[in-house]
Amino acid sequence: CSAQAVIWCACKRTSATFKDSLSFNLSTMGEEEGDWNVTIEEWLLAEGQCVAGALASVTDGAMYAAAPVAAEEGWSLLFKESYKQMLAQEDGTEKEETIDESAILKTVAEGKRPAQGLWIAG
């Protein structure tokens, strides 16, 4: 597998040297790993440093695996379908805008700052 992905990790502590997201080549992770949800749980949560983690495509920002696996808690902590949100504008007014977290995640994976800010699970 030569696709690229982004890992998101919600951490219990912050560190100037810790990167909250990183891009990598999936071929380094071996397809024999099986269920990506379980792999994320093992790699990111087992040590107790992260409370949730997800794997998303750099192509469109869509998440396709999340942990903790039990009761799909990872999904509830890190993902929300597109929704409307009132956002402050430069002129001091507010405007209703659609928040598409997959598109925002794609922007971040490209190394850019999202115009609407960073929104994870609402």
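This is a short talk on the aromatic pairs of a predicted model and on one leucine, Leu-87.

Some conventions. Residues are numbered from 1 along each chain as its sequence is written, and side-chain values use heavy atoms, with hydrogens and water left out. Because the model is predicted, local features need pLDDT of at least 70 and side-chain atom pairs count only at pLDDT 80 or more, while totals for chains, interfaces and linings use all residues.

A search of the whole structure gives 2 aromatic pairs. Rings of Phe, Tyr and Trp (its six-membered ring) pair if their centres lie within 6.5 Å; planes under 30 degrees apart are stacked, over 60 edge-to-face, and the rest tilted.

Trp-75 and Phe-79 are edge-to-face, 5.9 Å centre to centre with 90° between the planes. Trp-75 is partly exposed at 23% relative accessibility, and Phe-79 is partly exposed at 26%. Buried means under 20% relative accessible area, exposed over 50%, partly exposed in between (1.4 Å probe, protein chains only).

Tyr-83 and Trp-119 have ring centres 6.3 Å apart and planes at 75°, so this pair is edge-to-face. Tyr-83 is in strand β5 (residues 83-88) and Trp-119 in the segment after α3 (101-109), 36 residues apart. Helices (H or I, at least four residues) and strands (E, at least two) are DSSP runs, numbered from the N terminus. Both Tyr-83 and Trp-119 are buried.

Now Leu-87, also in strand β5. Leu-87 is buried, at 11% relative accessibility. Leaving aside residues up to four places away in sequence, Leu-87 touches residues including Glu-97, Gln-116 and Trp-119, where contact means heavy atoms within 4.5 Å. The C-alpha atoms of Leu-87 and Glu-97 are 6.8 Å apart, at 10 residues along the chain.
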